[in-house]
Amino acid sequence: MRKLVFGVSAFAGLLLACTAHAQEITVGFVTSLSGPASSIGINYEKGMNAAYAYKDEVSGVKIKLIKLDDGSDPSQATKNARKLVEQDKVDVMIGTSSAPGTNAMMTIANELKVPFFAVSPVNVPIPADGHPWGVSMVQTPQLMVKVIADRMQRDGVKSVGFIGFSDSWGDLVYNGAKAAEANGGPKVLTNERYARTDTSVTAQALKVVAAKPEGFLNGGSATQAALPLLELRKLGFKGPFFGTPSLLNRDFVRIGGKAADGTQVSAGPVVVTSQLPNDHFAKKIGTAFHESFKKVNGGEADDGFSGYAFDGWVVFLEAAKVALTKAKPGTQEFRQALMDAIYANKNVAGTHAIYNFTPKSYFGVDERSLVVVKLADGKWVYQP
Amino acid sequence: MNAQIAAILAIDGIASGAIYVLIAIGFVLIFAVTRIIFVPFGDITAFTALTLASLENKQMPGTVGMVAVLAVMATLMEVFSLWRKGALGKIPAALFFYLALPLIPAAIAWATAGTLLPTPLRLLLTVAVILPIAPLLNRIVYQPIADATVLLLLIVSVALHFAMSGLGLLFFGPEGVRTQSLVDFTTFIAGTPVSGQAMLILGSAIFFSFLLYLFFNFTLYGKALHATAINRTGARLMGIRPQQACTIAFLLGSVLAAVSGILIAPVNTIFYDSGFLIGLKSFVGAIIGGMVSFPVTAIGSMFVGILEGFAAFLSSPFKDVIVFSILIPVLLWRSYTLVHAEEEDEE
């Protein structure tokens, strides 16, 4: 009798465990913790840690998080995505730190029909059936340039010089500025380029100075974006500097020093959460993010990247609330319900933006996702 | 373009040209003696800048680990080959030259990490830490294939460059560095601003070229190197050890790489992979000199620097295209005008 009772209770326990397992949402997260993209990838991981600490259940259902490193390698990102879907049967994927790796994961998501939150820009075609299986949390480069171009226009800057990287990033910023010019924005007087490993930009800077622009738009990124600024100030250029979020980098501030002071860039509101007015959409959620981040990682979130991972989580939580009423986690119906909910939910506020996704595009943010900040004494200051 | 802009461009070009001169002379020097086109030369320049920056930031430079690993590998190889030859008596000397000597500056850098040394000491320590890298690489990579063809040596060099830049990422990380200026003044020559750093770079290029000239013409080692460069077999018959000549050539090359690294560090942000392009442009200068002539190499490298400056002004996206495409007329001209010696036959 005793044995029987034991057997039955063990069986019941097992059943319970099984149902509990089925009642769990599984999320797969991929980022670069090693390799060249890891300087960004580690920020994403910290953001994810903060997000998981912020909320690890939705409507009473536990969320299980699986984290994988892709070593900055797109083919490893692909393998990770396949493993997550086919072996771990995840309901949702989030990733990764490099654009090629993210594109690879988006392709897998479309193929295997698993909702995917990209934390980097995505540049793959929308599937032929018109139903993409992912969204990207980031602002588009066009938007980044447009916001700063609008600011130049507002401040009465009539013309700008441009020096940018001789790669696709330089092209994106230049084309963005040209598009703004066509809409009555400041005239772009020069299109000078340099490479990250160049030893001098004196010639390019001279050309900018000779064109006598009122301001200067920086099409570089990270540390080496400081080079044209240093050179221009050395040649006696007095105008204001403008840039994109790719300058929000500790090493840019360190190397740019005095020359970079006063530089204005467009940036996700997450980098200046504490300075935002109380009625700003990102104030409440951003504060929650920063608190959670500090608790888990023990430092301030002074990068823009960790916020993308957190926003992916927030949009996922909102969608999961709806999807849980329609289907059980672990099934394809749940994935479908989740994707439908991502598109159906409107005005989801995150630390970076108010998200409104549609199947027409991977991106779902508008101009509210960028504020203008100014570098003053080594700190980025919100400029309403 | 007015005269003022042309003058500024020329000065900028001369400053980068002077850097290229130092590196190109190193290329020619190493090639003449060893027949190796030492592609990782530029990487060593970049590593120097990164080392100096680490010392400035009171951190232990990544070079220390790199030198330690290379020294241990070279020592193991040397001891093993001596043991195979049965020349056990030479092992203590090998241990001294391949293990102790390279590790002394590395150990100093390791011990003084966290304290800021005075500038001259810091520069000296940087050079001392960097110096052993090229000779150790020579022992590990090139010595076992010293008699191979120039093409094989070149292919190995290219492979070595990729290995080195990977190691650079491992030891120094992906961020760029920029060091404090060595000199901080600007003078005006005929109304054109000339920075002290540019003058320092040019001065160093002239000074080290002159030192090399003295070395080759007035010292026994220099003459031995010269002899090896002209005819290896003949030099060997005269009692010159080619291995020793190789090591000296690599050491001298390292000095040039280290000096150019120190000079370029305050001018520009240097990344672990910045060296390759600098090396490649210097290589164009070395080609202009036909990989044999030091004076023509110097003039060629200066020309590359100035051309680069003006090309960047006229059309910055095509700057590198313009610089590298001068290789085509140069090579055509060289192959028409020069009676080029065939590669040494196997005796």
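This is a predicted model: local features need pLDDT of at least 70, side-chain atom pairs count only at pLDDT 80 or more; totals for chains, interfaces and linings use all residues.
1. Among the residues of α4(A), G101(A), T102(A), N103(A), A104(A), M105(A), M106(A), I108(A), A109(A) and N110(A) are buried. The elements that cover these buried residues include the strands β1 (25-31), β4 (92-95), β5 (116-118) and β6 (134-136) of chain A, along with helix α3 (74-86) of chain A.

2. Where α4(A) starts, S98(A) brings a side-chain oxygen to within 3.3 Å of the backbone nitrogen of G101(A). After α4(A) comes K113(A), which has a positive phi, near 60°. The helix covers residues 99-112, and its 14 residues should span 20 Å at 1.5 Å a residue; the end C-alpha atoms are 20 Å apart, so expectation and model agree.

3. Stepping back to chain A as a whole, the domain assignment gives two parts. Domain 1 takes in 2-139 + 287-352, and domain 2 takes in 141-267 + 371-383. Between the C-alpha centres of domain 1 of chain A and domain 2 of chain A there are 35 Å.

4. Now to the place where the chains meet. Chain A brings 24 residues to the contact and chain B brings 31 residues. About 2,300 Å² of area is buried between chain A and chain B, with 54% of it coming from carbon and sulfur atoms.

5. On the side of chain A that touches chain B, at least two residues come from each of β9 (192-194), α7 (202-210), α8 (226-234) and α9 (250-260) of chain A. Of the elements on that side, α7(A) gives the most, with six residues.

6. How many salt bridges does the rule find across the interface of chain A and chain B? There is one. D198(A) pairs with K319(B), and their closest N and O atoms are 2.4 Å apart.

7. Over all chains, the structure holds 23 salt bridges. One of them joins R193(A) to D171(A), with the closest N and O atoms 2.9 Å apart. R193(A) is in strand β9 of chain A, while D171(A) is in helix α6 (residues 168-182) of chain A, 22 residues apart. Are the two partners buried or exposed? R193(A) is buried, with a relative accessible area of 6%, whereas D171(A) is partly exposed at 36%.

8. Chain B has another pair to look at. R122(B) forms a salt bridge with E56(B), the closest N and O atoms lying 3.7 Å apart. The two are 66 residues apart, with R122(B) in helix α5 (residues 119-130) of chain B and E56(B) in helix α2 of chain B. R122(B) is buried, its relative accessible area being 6%, and E56(B) is buried at 13%.

9. S157(B), in helix α7 (residues 150-172) of chain B, is buried with a relative accessible area of 0%. Its side chain reaches the backbone oxygen of I37(B) at 2.8 Å. Beyond its neighbours within four places in sequence, S157(B) is in contact with I36(B), I37(B), F38(B), V39(B), P40(B) and Y142(B).

10. R35(B) lies in the loop between α1 (3-34) and α2 (41-56) of chain B. Why does R35(B) count as buried? Because its relative accessibility is 17%, and buried means under 20%. The side chain of R35(B) has a polar atom 3.0 Å from the backbone oxygen of A146(B), and this side chain also reaches the backbone oxygen of A148(B) at 3.1 Å.

Conventions. Residues are numbered from 1 along each chain as its sequence is written. Chains are lettered from A and ligands numbered from 1 in the order in which they are written. Side-chain values use heavy atoms; hydrogens and water are left out. Domain bounds come from an automatic or database domain assignment. Helices (H or I, at least four residues) and strands (E, at least two) are DSSP runs, numbered from the N terminus. The expected span of a helix is 1.5 Å times one less than its number of residues. Buried means under 20% relative accessible area, exposed over 50%, partly exposed in between (1.4 Å probe, protein chains only). Contact means heavy atoms within 4.5 Å. A polar contact is a pair of N or O atoms within 3.5 Å; within protein, one must be able to donate a hydrogen and the other to accept it, and residues adjacent in sequence count only if both atoms are side-chain atoms. Buried area is the accessible area (1.4 Å probe) that two parts lose on being put together, summed over both. A salt bridge is a side-chain nitrogen of Lys or Arg within 4 Å of a carboxyl oxygen of Asp or Glu.
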